[in-house]
Amino acid sequence: MPEGVLRDDLPLPDNTELDVVRHYTRLSQRTFGIDVGFYPLGSCTMKHNPKVNDALAGVREFAELHPFTPDDLSQGALQVMYELERSFCSLFGMAAFSLNPAAGAQAELAALLIAKKYFRERGETQRDKVIVPDTAHGTNPASAAMCGFKVISLKSDARGRVDPAEIRTVVGPDTAVCMMTNPNTLGLFEERIHEIADAVHEAGGLMYYDGANANALMGNTRPGDMGFDLMHLNTHKTFTIPHGGGGAGHGPLGVAGHLVEYLPTPYVVREGDRFRLDFDRPKSIGPVRSFWSNFAHVVRALAYLYANGAEGLTKVSQYAVLNANYMRVKVAEFLETPYPEICRHEFVASAQQLKKETGVRALDIAKALLDRGYMAPTIYFPLIVPECLMIEPTETESKETLDGFVAALRDIIETAKTNPQELLDAPVTTVVGRVDETRAARQPDLRWRPPR
Amino acid sequence: MLEAIGIGSLDELLRVPDELKLRAPLDVVPALPEYQLRRRIEQIAKRDSGVDYVSFLGGGAYRHYAPSAISALAMRGEFLTAYTPYQAEVSQGYLQAIYEWQTYICLLTGMDLADASVYDGATALAESAIMAMNATGRQRFLVSRAVHPNYRAVLKTYCDGLDVAIDEAPLTDDGTTDLRVLAEMLRETQYAGVALQSPNFFGNIDTLDGEALESVHKNGAVPIGVVAEALALAALATPASWGAQIVAGEAQSFGVPIAYGGPYVGFIATTNEHMRRIPGRLVGKTVDSAGRTAYVLTLQAREQHIRRERATSNICTNQAHCALIATIYLALMGKTGLRDVAALNLERSRELATAVANAGVRLRFSAPFFNELVVDVGRPAGEVLAALRERGILGGLDLGRWYPEYSTCILMAATELTTSGEIAKLAAALQEVTRVGAGV
């Protein structure tokens with residue numbers, strides 16, 4: 001090698017295996033996973049991740065297969081991708097799914113790129129607006145911005161839904177896409193979704209379904225039948241892919257028939273009983289990642305489908321909705337639930353009244369739950385509910401677990417009224433107390449530096 | 001439970017308008033008990049699999065040895081099933097591990113800070129380009145043709161959405177970026193950023209020299225280093241050393257299974273100047289209410305859940321668990337282990353180079369290379385690769401797939417897992433299939 005090509009020093013520590021094993025074992029003990037306790041995070045669907053999925057993802061023929069292996073020597077992997085895709089199409093009413101996107105947000109981006117290209121080809125480049133409800137997840141407007149779209153935020157009505165009349169006032173010749181989820185982020189079913197879809201389609205726009213809440217409707221209804229043209233799934237939510245501390249996720253992208261040609265490359269194609277990766281797709285938006293999919297997660301999701309079948313998945317959604325409603329009526333006994341009606345797989349409660357009376361906020365309730373061995377629910381989302389707690393139990397929790405959580409929450413609300421300081425000081429049983437986030441942002445210390 | 005809710009049956013919870021009812025039974029895979037489902041998927045896995053072929057495949061996904069302790073640790077349920085560490089008090093383990101990851105990436109690349117991961121190397125490049133555009137306000141980007149073709153294609157997908165144009169700097173005849181033409185292009189046009197990959201797609205060392213870096217600075221463009229084979233960072237001078245201000249890379253080589261393409265783990269590292277533009281999560285070190293060291297997600301105001309359409313990126317879920325795997329790999333290997341593995345890679349690729357040369361097949365380039373090299377087989381690469389396949393060998397990548405002028409060239413990788421026996425087998429097979437008059 002010529003002079004200057006090699007590096008002089010590599011300032012990394014050397015460690016023994018024992019030291020490394022102890023270090024990361026201890027770090028794992030300071031980490032709360034679903035395997036440790038109840039995780040009622042609204043919008044995240046923290047259901048049990050079956051261990052058989054991991055075993056199958058680790059099978060040699062999958063784990064050691066190079067992505068550039070020729071197609072005819074990758075038939076097993078391609079078949080897995082194909083089977084998953086076909087099942088998703090039926091479950092959700094779509095014509096095709098791309099398994100390429102690495103996450104839901106990336107699928108959103110790809111979908112918006114498809115919409116952009118679709119309209120460009122039809123000479124409708126004036127369509128530059130994306131409509132999202134004010135309850136939308138932050139990735140929706142962020143993805144729109146990454147495609148150069150302008151975002152129109154739609155106010156939800158008093159029932160927490162999108163009003164078709166309101167939609168009609170904002171759609172027009174500049175409408176590209178309306179991004180929604182159903183049930184919405186309040187856990188409420190949008191019964192008039194078909195009218196909304198009609199209004200958007202009449203104006204020439206496309207409907208996008210954010211699949212974060214797909215756990216609420218399997219075997220019951222399908223986004224395709226609601227009128228959605230594009231959708232994504234979060235398999236790390238609905239299909240038990242482990243969250244792994246923040247990823248890797250997986251965001252399959254589904255489309256209706258008129259948009260199949262635009263899907264990212266490559267797409268898995270079946271010819272007789274053989275499969276191949278199709279890169280020759282002239283209308284495709286192109287690839288969205290280095291290789292073909294988060295394949296290890298495709299295996300996990302397929303294993304989950306095989307464990308359940310159509311009937312099992314239908315029960316999954318039924319029990320997810322049952323558990324959420326049970327918790328909702330119990331929690332409503334002591335905490336304000338702004339939408340006191342049948343919900344789907346999640347519901348929202350508000351600590352606003354509690355805050356007025358006692359000074360205890362959603363944040364303090366969350367921290368107090370940590371002390372009682374529970375993960376806190378999602379807090380401060382969706383934005384339209386003040387001091388919001390969004391609770392999603394999922395179907396894999398027993399009634400005993402739900403009752404235990406409700407009792408803990410009730411106890412916390414009581415404590416707010418009698419001894420609020422205890423909650424403001426929480427958590428006290430965890431390895432660290434409340435963290436100085438202001439200091440972290442003002443004096444960023446984002447890595448260790450070796451001493452000079 | 002139904003009684004508590006005040007309803008008579010589950011159906012009451014799942015009412016939908018008539019037009020939304022299912023019209024036909026669902027058609028999904030059948031339900032199987034666990035032992036049958038295992039057998040079924042294992043059978044599918046074994047179907048026509050190339051996993052046992054002797055392999056010289058590289059091109060952005062690399063066969064490296066992952067020490068057993070990695071899966072023993074990373075697959076612990078606490079790590080595997082944890083959510084994003086928003087509740088810091090019960091996530092100190094993961095937060096600290098990511099802080100370590102951020103540190104390792106900085107030490108390897110020479111940068112000041114790194115994020116908690118992005119999807120992969122290709123999207124890391126795309127996100128870095130967006131950073132450069134935000135930093136300069138410019139809408140044009142320059143990338144070397146020696147950058148991984150899939151990375152360039154993904155960059156184009158992302159840039160099409162933002163109406164950003166991409167120019168490509170051409171190659172020299174020696175498989176590196178033509179820095180003189182690059183400098184000319186920089187004199188002509190204002191660019192947001194300039195991206196080079198080293199080692200590049202051909203395995204060659206490919207960086208800016210002093211003169212080219214000067215042109216980049218004069219232009220005001222942000223110099224970006226792309227890394228597809230992260231192990232090279234253990235052996236080669238850092239991207240910082242040749243002037244990169246952002247490094248966009250792929251860390252699959254650090255113990256992440258090759259798994260038919262994913263999940264992998266991308267990283268973005270940068271100088272302090274671009275701290276607030278970096279996408280993805282950042283873990284910071286701070287203290288808790290009692291003064292104890294604590295870790296927390298910080299500078300979240302850049303991210304989608306706070307800034308929504310004004311976020312630096314839409315990224316939410318990242319590749320945290322793969323970053324954990326990579327961090328544990330780096331901790332286990334340490335300085336000595338990484339040096340040793342990198343040296344082995346250099347050794348094996350040179351052994352491969354010698355063996356193919358002795359078999360009568362010439363190396364196409366003379367530029368210094370890391371663990372990948374390009375051979376010219378003198379006839380369509382696809383034919384030779386097919387013949388090698390019949391002999392149980394996946395000989396490499398047909399470069400003609402992306403570079404028409406290299407249609408007789410094969411990109412081959414040799415890592416610490418490549419044995420001398422495998423190299424000898426390849427050389428013998430190559431000799432046989434490429435000898436004058438051999439009808440492949």
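In the predicted model described here, I379(A) has L389(A) of strand β12(A) as its bridge partner, where strands (E, at least two residues) and helices (H or I, at least four residues) are DSSP runs numbered from the N terminus. The model being a prediction, local features need pLDDT of at least 70 and side-chain atom pairs count only at pLDDT 80 or more, whereas totals for chains, interfaces and linings use all residues. Residues are numbered from 1 along each chain as its sequence is written, chains are lettered from A and ligands numbered from 1 in the order in which they are written, and side-chain values use heavy atoms, with hydrogens and water left out.

Strand β11 (residues 378-379) of chain A is joined to β12(A) by 2 bridges, the two strands running antiparallel; two strands are taken to pair if DSSP finds at least two bridges between them. Strand β10 (residues 347-350) of chain A also runs antiparallel to β12(A), to which 4 bridges join it, and F347(A) stands opposite I391(A) of β12(A). In a regular strand the side chains alternate between the two faces of the sheet. Within β12 (residues 388-391) of chain A, C388(A) and M390(A) point one way while L389(A) and I391(A) point the other way, and all are buried, the term buried meaning under 20% relative accessible area, exposed over 50% and partly exposed in between, with a 1.4 Å probe and protein chains only.

Chain A further contains an open sheet of 7 strands in the order β1-β7-β6-β5-β4-β2-β3, with mixed pairing. Strands β5 (residues 206-211) and β6 (residues 230-233) of chain A pair in the parallel sense over 4 bridges, and D210(A) has H232(A) as its bridge partner in β6(A).

Two helices of chain A lie across strands of that chain. Helix α4 (residues 75-92) of chain A lies across β1 and β6 of chain A and runs at about 125° to β1(A), whereas helix α5 (residues 104-121) of chain A lies across β2 (129-133), β4 (175-180), β5, β6 and β7 (253-255) of chain A, at about 175° to β5(A). Helix α5(A) also packs with helix α6 (residues 139-146) of chain A at an angle of about 45°, the axes being 9 Å apart. This angle makes α5(A) oblique to α6(A), on a scale in which angles under 35 degrees count as roughly parallel, over 145 as roughly antiparallel, 65 to 115 as roughly perpendicular and the rest as oblique. Residues A105(A), E108(A), L109(A) and L112(A) of α5(A) meet T139(A), N140(A), S143(A), A144(A) and M146(A) of α6(A), contact meaning heavy atoms within 4.5 Å.

Between the chains, helix α10 (residues 295-331) of chain A packs with helix α2 (residues 34-45) of chain B at an angle of about 140°, with axes 10 Å apart, which makes α10(A) oblique to α2(B). The contact is made by V299(A), L302(A), A303(A), Y306(A) and A307(A) of α10(A) together with L37(B), R40(B), I41(B) and I44(B) of α2(B).

In chain B, 7 strands form an open sheet in the order β2-β8-β7-β6-β5-β3-β4, and the pairing is mixed. Here β2 (113-114) and β4 (165-169) of chain B stand at the edges, each with a single partner strand, so one side of each lacks a neighbour in the sheet. Strands β6 (residues 222-227) and β7 (residues 246-250) of chain B pair in the parallel sense over 4 bridges, with G249(B) of β7(B) as the bridge partner of V227(B). V226(B) has its place in strand β6 of chain B and is buried, with a relative accessible area of 1%. Leaving aside neighbours within four places in sequence, V226(B) is in contact with L125(B), Y151(B), A195(B), L196(B), Q197(B), S198(B) and A248(B). Helix α8 (residues 179-188) of chain B lies across β3 (140-144), β4 and β5 (193-197) of chain B, running at about 145° to β4(B).

Methods:
Axes are lines fitted to C-alpha atoms, for helices over the stretch in contact, and angles run from 0 to 180 degrees between N-to-C directions.
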